[in-house]
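Let's walk through this structure together, going from one residue out to the whole chain. Have the viewer open as you read.

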Amino acid sequence: MFNKLRQSLSALIFVALILFLMIMSSARLYTDWLWFQALNYQRVFTTIIVSDYGLRLVASVTFFILIFANLLLTRGPLLKAAQKAAVYKEDNLLTIQASPLTKFITPRFLLTAYTLLSLVMALLFSLSVAGDWVILQKFLHPTSFGVLDPVFQRDIGFYVFQLPFYEFLYNMASWTIIIIAFWVSAIYLLVSITQGTPGKLLQSIAARYHLSFLAAIFFLLKAVGYQLEQYVLLFTHNGAVWGPGYTATHTTLVAYKVLTYIAVICALVILVNLFLRQFRLIVYSIGFLLLASILLGGIYPVFVQRFIVTPNEISLETPYLARNIDFTRKAYNLDTIEKRGFPAGKVLSLEDIQDNQDTISNIRLWDWQPLQQTYSQLQEMRLYYQFNEIDIDRYVIDGRYRQVMLAARELNQEHLPATAKTWVNQRLKYTHGYGVAMSPVNEFTGEGLPAFFLKDIPPVTTTDLRVTRPEVYFGELTDNYVIVNAKTQEFDYPKGDDNAYSTYEGGGGVSLSGFLRRVMFAFSVGDYKLLLAGDIDDNSRILYYRNIDQRVRKLAPFLDYDRDPYIVLSEGKLLWMWDAYTTTDRYPYSEPYNKVNNYIRNAVKVVVDAYTGQVDFYISDPSDPLIQSYSKIFPGMFKSLEEMPEDLKSHMRYPLDYFQIQANMFAVYHMEDPQVFYNKEDKWNLPTEVIGNEEKPMEPYYTIIKLPGEDKPEFVLILPFTPQNKKNMIAWMAAGSDGEEYGKLISYGFPKQELVYGPSQIEARINQDTTISQQLSLWDQRGSSVIRGNLLAIPIKDALLYVEPLYLQSQQSRMPELRRVIVAHGDMVVMEPTLEIALDRIFGKGGARPTVPTAETEQPLASVADLAQRANQLYDEALNKLKAGDWSGYGESLSRLKQTLTDLEQSSKQ
């Protein structure tokens, strides 16, 4: 009685668990549908769901039918063996003990066991194809590349869209045969055990026929696999060539053709053996295929490579290297890079500096790492606000084209005090961040702090920029769901000793009207308090998937994304812009950039509204065949770039990751002559620079310059190159971001017979300058750490100007201050308090516009009495600003007070 009760309770718990999991899964599916619908992407949702679950269903049903049918074929032999063993046992005729399993082997038991086994294996099989819906959809919506591969003369679209699906079918079929053969063999082994002959698996005629038939199918599939392997050679690396070289073309390719015929012959031999009943034929066939694979696919290619190709590698591999170069350049758009010469050894004049003020006034003196710390100290205002990262962009400000750095002030709920982490606070009150901080890249105050264009809460501006919708509901730190339009107002921003409150006015999120919908959301997010909260009514809306990374990837999981989404202020609103890429690993003869993918295009610009959460996808490269196929798969999802608002379009940047990949590949593939390429005679490297106290690879950097031969300043992305194993500069590359120049790539090469200092050589000259090195050592001894910023090589006219900022950070403060600017040009290296003074020392007075008030530039230290009086004044000033709720002013006063105390300490030692 007790055992039956326990069994019933266990069964009830099991059923309840299954129901709970089904409800959870259904709730998540339902709320996801509502989320896609709210963003007007319900067609994307249905396409993904139908494709994914449809493929799983077809795969699992097909697998179930095949394995169940094969298992049924074993039922007769197993029942017959069990019955015979039982009869023998009753008649005491069995000399070898029969298996005790015979009493369980009944028709009903076998049917139940086979059904359950087939269902479980089919379920596992369906899970193995999860996510492969993209392969299916790309197969159904191919696009021609318009380029044929040089080996099989097929359009590249075949390898990108169709070959992966054929490989998918082959792999699924092969695994199906292997799994079926495993279970069928296990059952026939059970038959032999039941008969008391466990060592004779193929003694049964049924077993011999069944397993032979499966083996024949496997070898036929193997023949198909060899045919597919021929195409895969186009993406392999052999010797000096990416793609099939001499050896692969003349040996491996032939080997696959021969092995195809051998596999078919083996299948036929096995089928014939069904009548000859010579098991040795099967063994010989398998052995012959293995031997042929080793000889033709392994030993023969190695022999040819070592004794024929290697001694004559340049001459034999030249045509294949030419293919490698040509296709890799196409895969990364390197064939569109315009090559220009750039004179070396030129020296700028004062007139050149004065004629290029647009470039000089936009030289970036702030690096994002120290600036982020400074922003955090001056502009986060409260513990729960956080600047996740600093972005670089350009704006027309007061009629001038300015490069700026800015960051969104997000609300990080993890930084709330422990006592404030209540459900109401985290779900209903602290729902959004507020505003942005923005400063020019080249300006700083007398205290070495950024000169803000936009700051504080509510936003305070010193320019014609305006923020009319500062709330940030969707960002990079918004990891939790929140509920808006509840009966409780949301915290908006701190206001002195009080707080300002607001109500969400956007249309983002999903309505929580109706008890049933709230129940589904409670299951979906795993929070029962949604059902109990009295502040939630039918007007309330739930905002979820608020992190832009999660939000965008959920809509378009088939795209790759840049590492740096950036905030944009456009027409008073805050929006996130994010670059997305189409990639594949199936571009013939192309070298992969990340050991996997060997083709990439910046095909999409993603825009996310920080207030409403609306997501828009704009096609930035309509010539890309992959994005053309995705547009067919998801009609209406992607908009043309012409539909993007003009103001927003003016903030498109050439993406950093894409440029970095192209630069890495161009460092090798600018060599178009196969023999030069083979010997790597002109291979370039990316330069290094000193950041802080470490030498690191130089990263591409944005700047506003007049490109050589151009009259208009442009926002470009730049990266220098150095020759292999040398430190001098050999070339630099620029990518345009403005208007019609967007996406234009230009490589400027220096004359190889002239010496142009590279970044690391300039760093060495800085280190060797006695005046600079002594000053740096002195600062380090006074309790401040010196942070060396990014070294920028700025092209001006037909010469280079090197600029490196220096920051000081006291041991007590986490706020770096911009205190010196190092400028190098020609034979001169100078370090001064400002860029303007440094340029004046090199070129003479009047070389640049002042970027800081002259009264705030560094002055000789005042007397001890004066400094003490100034410290008292700054202390009183800081207290007054604190009482007034002016947190930005409070931080600035404290910073100035700290500097005054430092000066006081230095004066007291003199």
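Contact here means heavy atoms within 4.5 Å. Keep in mind that this is a predicted model, where local features need pLDDT of at least 70, side-chain atom pairs count only at pLDDT 80 or more, and totals for chains, interfaces and linings use all residues. Numbering runs from 1 along each chain as its sequence is written, and side-chain values use heavy atoms, with hydrogens and water left out.

Start at F474, which sits in the loop between β11 (471-472) and β12 (482-484); strands are DSSP runs of E, at least two residues, and helices are runs of H or I, at least four, both numbered from the N terminus. Leaving aside residues up to four places away in sequence, F474 touches L543, R546, I548, R551, W576, D609, A610, Y611, T612 and G613. F474 has a relative accessible area of 0%, so it counts as buried (under 20%, with a 1.4 Å probe and protein chains only). E410 is 64 residues from F474 in sequence, and their C-alphas are 8.8 Å apart.

Zooming out, the protein has 25 helices and 34 strands. Of its 910 residues, 54% count as buried. Among contacts between residues at least 6 apart in sequence, 68% join residues at least 24 apart. The accessible surface (Shrake-Rupley method, 1.4 Å probe) comes to about 41,000 Å², and carbon and sulfur atoms hold 57% of that.

Methods:
Buried < 20%, exposed > 50% of the residue type's maximum accessible area, 1.4 Å probe, protein only.
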